Amino acid sequence: MLTALSEEFRALFPGAKTDEPLARHTTWGIGGPADFYVEIRTRQELTTLFQWTRSHGLPLTPIGQGSNLLVGDGGVRGVTLRLRGDFEALRFESDRATVGAAVLLPQLSRAAAERGLTGAEPFCGIPGTVGGALMTNAGTPEGDLGELVREVETLDADGVPRRLTRDQIQFSYRRSSLTGTLVLSVDLQLRPGDKNDILAAIDRQLKRRAERQPLGTKNCGSVFKNPPGDYAARLIETAGLKGLRVGGAQVSPKHANFIENVDRASAADVRALIETIQKTVRERAGVALDLEVWTLGE
């Protein structure tokens, strides 16, 4: 059955893959195989993909740049999708930006700054796509992406295109009501500013991240949400867990809210480390740490 589907899939989408290890497509370098993996470059291809998955009853899972994701060692059933091509378009008109879902956040920040537009600097160092960032309302202490949104273009779970105004979307801390949809593009409201000041602010933020975070290692960014009035990293470090290792996964010695894949870590290694952190912090500080990273697959 899967062999016949695989042949049909590859005929429809030349270059698509079957049994593709998702470790190749996540910033953690962790993840079992996707039954089907495809990079979609046009809206027509996306329509064809939706029709094909629905006709065969297969789930469709977008993964963006593969950041902020823990993919299980058993992999992901159905079709795993990454948007590219037309969805990487970025266009400015006055103080507004129309941004494809596949545009990378640092690319957005830099392009806005070069045009003397402010508001996108907080995202200059966040690995990930705009589409994925909207799902989680990604941000930093300097601001969240949802604050800039005017309108979002999506496909709903039935493949129906919709345009949602800001008033129709709920954003909160690392959460949005867009979960379950596929974001295609977003209109953002920026503000005029001094180009040199904006670029200087970006440089300061990137320097601060480099000083505090384990850039250049295999990680997913922040693993836990900050609890109200506190910081997950402070709680983990105070509990004495910095540097703790399970298999090939280690709590970063540089920033305690990061877990690094230091030696061919599995998703099971990371899950075990996460559970140890949650248990220890709960016992010592009485605080329940919620995951910021999304989990996928088996």
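Where is the place of N68? We will come to that residue in the last view. This is a predicted model in which local features need pLDDT of at least 70 and side-chain atom pairs count only at pLDDT 80 or more, while totals for chains, interfaces and linings use all residues. Residues are numbered from 1 along each chain as its sequence is written, and side-chain values use heavy atoms, with hydrogens and water left out.

**View 1. Four strands form an open sheet in the order β1-β2-β5-β3.** Helices (H or I, at least four residues) and strands (E, at least two) are DSSP runs, numbered from the N terminus. Two strands pair if DSSP finds at least two bridges between them, and in this sheet the pairing is mixed. β1 (17–21) and β3 (60–62) stand at the edges with a single partner strand each, so one side of each has no neighbour in the sheet. From one strand to the next, the twist averages 45°. Look along β1 and β2 (residues 33–40): they pair in the antiparallel sense over four bridges, and T18 stands opposite F36 in β2.

**View 2. Strand β15 (residues 182–189) is largely enclosed by the rest of the structure, because seven of its eight residues are buried.** Buried means under 20% relative accessible area, exposed over 50%, and partly exposed in between (1.4 Å probe, protein chains only). Strand β7 (residues 96–100) pairs with β15 in the antiparallel sense over five bridges, and V99 has V186 in β15 as its bridge partner. Strand β11 (residues 149–155) also pairs with β15 in the antiparallel sense, over six bridges; here T154 stands opposite V183.

**View 3. S185 has its place in strand β15.** With 9% relative accessibility, S185 counts as buried. Its side chain makes a polar contact with the side chain of E153 (2.8 Å). A polar contact is a pair of N or O atoms within 3.5 Å; within protein, one must be able to donate a hydrogen and the other to accept it, and residues adjacent in sequence count only if both atoms are side-chain atoms. Leaving out residues up to four places away in sequence, S185 touches V99, G100, A101, V152 and E153, where contact means heavy atoms within 4.5 Å.

**View 4. Helix α3 (residues 105–114) meets helix α5 (residues 195–212), their axes coming within 8 Å and crossing at roughly 155°.** Axes are lines fitted to C-alpha atoms, for helices over the stretch in contact, and angles run from 0 to 180 degrees between N-to-C directions. The two helices are therefore roughly antiparallel to each other (angles under 35 degrees count as roughly parallel, over 145 as roughly antiparallel, 65 to 115 as roughly perpendicular and the rest as oblique). On the α3 side, S109, R110, A113 and E114 meet K195, I198, L199, I202, D203 and L206 in α5. In α3, the buried residues are L105, L108, S109, A111, A112 and A113, and what covers them includes β7, β15 and α5. After α3 comes G116, with a positive phi near 70°.

**View 5. N68 and R174 each have a positive phi although N68 is not a glycine and R174 is not a glycine either.** N68 has its place in the loop between β3 and β4 (69–71). Its phi is about 60°, and at 16% relative accessibility N68 counts as buried. R174 is found in the loop between β13 (171–172) and β14 (175–176). R174 has a phi of about 55° and, at 11% relative accessibility, counts as buried.
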